[in-house]
Amino acid sequence: MNKNRIFLFIGLAIALSIAAFLSPFASKNPDGLDRVAQDLKFEEKVATEPPAKQLPFSQIFDEYSIKVIPKDNEKLATALAGVTGTLVVFGLAWAIGKLTVRNSEPKE
């Protein structure tokens, strides 16, 4: 196996481990824009039906968890969402990389 692929899959394994085992312990405090919205008092202006809720994946995910997992098992839902997100980002990056390399090969 190519050394680059070994390095790639070791990195993926580390990223999946972090997503699975550390994401359930993330802070429950508001993040980024939510905190700014609270501090500057414009959180009441949020859209009642945000555009993201109309996308197909919103039927599966709810914030940082997966809807099909019962609420009493929130840590598992968050870990699965983290693993899923990591795999999706990896897959997209892999596909873009393959397309870029294929399209940049010199033509004979």
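# A walk through the predicted model

The model shown here is a predicted one.

With a relative accessible area of 61%, Lys41 is exposed.

How many salt bridges does the structure hold? The structure holds 1. In general, side chains of opposite charge can pair when their charged atoms come close. Here the salt bridge joins the side chains of Arg35 and Asp39, with a distance of 3.0 Å from N to O. Arg35 and Asp39 are both in helix α2 and lie 4 residues apart, so about one helical turn separates them. Are these two residues buried, partly exposed or exposed? Arg35 has a relative accessible area of 45%, which makes it partly exposed. Asp39 is partly exposed as well, at 46% relative accessibility.

The surface also carries a nonpolar patch, formed by Ile6, Ile10, Ile14, Ile18, Phe21 and Leu22. Together these residues have about 610 Å² of accessible area. Leu22 is found in the loop between α1 (3-21) and α2. At 54% relative accessibility, Leu22 counts as exposed, because the cut-off for that class is over 50%.

The aromatic residues are the next topic. A pair of aromatic rings is described by the distance of the centres and the angle of the planes. How many aromatic pairs does a search of the whole structure find? The search finds 3. One of them is made by Phe9 and Trp94, whose ring centres are 6.2 Å apart and whose planes stand at 35°, so this pair is tilted. Phe9 is part of helix α1, while Trp94 is part of helix α3 (residues 74-104), so the pair ties together parts that are 85 residues apart in sequence. Phe9 is partly exposed, with a relative accessibility of 36%. Trp94 is also partly exposed, at 30%.

Trp94 has a further ring partner in Phe90: the centres of the two rings are 5.7 Å apart and the planes are at 40°, so the pair is tilted. At 22% relative accessibility, Phe90 counts as partly exposed. Phe9, Phe90 and Trp94 form one aromatic cluster.

Phe61 is located in strand β1. With 23% relative accessibility, Phe61 counts as partly exposed. Phe61 and Asn73 are 12 residues apart in sequence, and their C-alpha atoms are 15 Å apart in space.

Ile69 has its place in the loop between β2 (65-66) and α3. Is Ile69 buried or exposed? Ile69 is buried, with a relative accessible area of 16%, because buried means under 20%. Ile69 and Leu80 are 11 residues apart in sequence, and the distance from C-alpha to C-alpha is 9.3 Å.

Conventions:
Residues numbered from 1 in each chain as written. Predicted model: local features only at pLDDT ≥ 70, side-chain atom pairs only at ≥ 80, totals over all residues. Heavy atoms only, no water. Patch = residues over 30% accessible without salt bridge, like charges linked within 9 Å, V, L, I, M, F, W, Y side chains within 5 Å. Areas by Shrake-Rupley, 256 points an atom, 1.4 Å probe, with all protein chains shown as cover. Salt bridge = Lys/Arg side-chain N within 4 Å of Asp/Glu carboxyl O. Helix = DSSP H or I, 4+ residues; strand = E, 2+ residues; numbered from the N terminus. Buried < 20%, exposed > 50% of the residue type's maximum accessible area, 1.4 Å probe, protein only. Phe/Tyr/Trp six-rings, centres within 6.5 Å; stacked < 30°, edge-to-face > 60°.
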